[in-house]
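Please read it alongside the sequence and the structure.

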Amino acid sequence: MNTLSAFCVPALLGFLTLAALLKDIPIRHKGLFLLSASLPTGFGICSLVLFASLLLNPLQVRPLSIAISLGLIFLLLFRWDLFRSKGLQTAGSAFFLTRQKLRAINPASFFKGALAFAGFVLFLYTVFTIVQFYFLSVSTNVLGGWDARYFWMLKAKFMFRSPPDWQLMFSHKLPWSNQDYPLLWPGTLAWGWHWLGQETPIWGPFASLGFYVPCALIVVWYLAEHLSASVGWLAGSFVLVLLPPLFWAIHQYADVPLTFFITACGLTLVTALRLKAPRLFMISGLMGGLAAWTKNEGVLFIVWIFLLLGAILIRQHGKNLSASLRTLKMFALGTSLPLLAVAILKYLSRNAG
């Protein structure tokens, strides 16, 4: 299987999951949100699938992880009536002039549209330039930096090269390997290798880029949702040229996936509080749970965000605790599977030899 197919499966899995949860939720620029969040979410789900496959039958990890991933896609395709959703059909319409808008065009709206188009062109140029620089830089160190080689890639190699012995990654005889750290990033690497049938070094850089660009796109979506498209595209271009995230992406650190999921959790949570959309709280919880499944810092983040959300809801609803609990329940439901995986991993790592 080629590298493109290894992107198509998680992208489709993430898209179908998020589209099902977003059905009939009236957020603007829904297509842009799906574009920004589908691939990272799909990577997170695939890493959970690989972890479940290792727990169920480590001798048959490759066929099991592939079968579960494809099975989830078919389940979502047949279970959810996605494409009759009016919101999904018009997902990206706000970025284009419709016939009705053309009839009502005026100088102010034309100027606003021109600014949005200019910002979009700038964003595309920035993406093109950064991606060029990214691959020139990655080619000199395709295996990544220190953490990538000795923490994350080491764990991925256990899951790919010797699945029956994968729990040896928790051994305390391996110094400086962050034995108890969650497995989203190494799971993404290993899932891709299993899908491709080989430990190809190019998968890591491509997967890291699959988290880096969405970090900018999720900011574009949020600012386009709450301010304007032109502000969103300009901010996205600024995010892309920030040196620390670019440096960590080039070196394939787990900090980039963590950055995406923490940012996505916070931005979708603010939007959910404004729209009072229960399933948007579930999406925010899923993003927060995947942050916890990425690094221990994500575990601390999810504890903090639970406390913050609880305080906000108490202030909003006062003595109406049932309303606050309903919202917290939806958020917790989104976090449940990633946090369950984290709990199992922590148990296994503490009881390792």
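## Helices H12 and H14

Helix H12 (residues 255-275) and helix H14 (residues 296-317) have axes that come within 11 Å and cross at roughly 10 degrees. Axes are lines fitted to C-alpha atoms, for helices over the stretch in contact, with angles from 0 to 180 degrees between N-to-C directions. H12 and H14 are therefore roughly parallel (angles under 35 degrees). Helices are DSSP runs of H or I, at least four residues, numbered from the N terminus.

H12 contributes Leu-258, Ile-262, Cys-265, Leu-269 and Leu-273 to the contact (heavy atoms within 4.5 Å). From H14 come Glu-297, Gly-298, Phe-301, Ile-305, Leu-309, Ile-312, Leu-313 and Gln-316. By class, the contact has ten nonpolar, two polar and one charged residues. Ala, Val, Leu, Ile, Met, Phe, Trp, Tyr, Cys and Pro count as nonpolar, Asp, Glu, Lys and Arg as charged, and the others, Gly among them, as polar.

The model is predicted: local features need pLDDT of at least 70, side-chain atom pairs count only at pLDDT 80 or more, and totals for chains, interfaces and linings use all residues. Residues are numbered from 1 along each chain as its sequence is written, and side-chain values use heavy atoms, with hydrogens and water left out.

## Helices H14 and H15

The axes of H14 and H15 come within 11 Å and cross at roughly 170 degrees. The two helices are therefore roughly antiparallel (angles over 145 degrees).

Among the H14 residues in this contact are Ile-305, Leu-309 and Leu-313. The H15 side includes Leu-328, Phe-331 and Lys-346. The contact divides into 13 nonpolar, six polar and one charged residues.

## His-194

His-194 sits in helix H8 (residues 184-196). At 4% relative accessibility, His-194 counts as buried (under 20% relative accessible area, 1.4 Å probe, protein chains only). Leaving out residues up to four places away in sequence, His-194 touches Leu-50, Val-61, Arg-62, Ser-65, Ile-66, Met-159, Phe-160 and Pro-163.

## The second largest pocket

The second largest pocket has a volume of about 720 Å³. Of its 26 lining residues, Thr-17, Ile-45, Leu-48, Leu-286 and Leu-337 are the closest to its centre. Helices H1 (3-22), H2 (30-56), H3 (61-79), H13 (278-292) and H15 (321-350) each give two or more lining residues. H15 supplies the largest share, eight residues. The lining has 22 nonpolar, three polar and one charged residues.

On a 1 Å grid over the protein atoms alone, a pocket is an open set of points where a 1.4 Å probe fits, with protein on both sides within 12 Å along at least five of seven lines; lining residues have an atom within 4 Å of a point. Volume is the space filled by probe spheres set on the points, which are joined across faces, edges and corners.

Notes. Parallel < 35°, antiparallel > 145°, perpendicular 65-115°, else oblique. Buried < 20%, exposed > 50% of the residue type's maximum accessible area, 1.4 Å probe, protein only.
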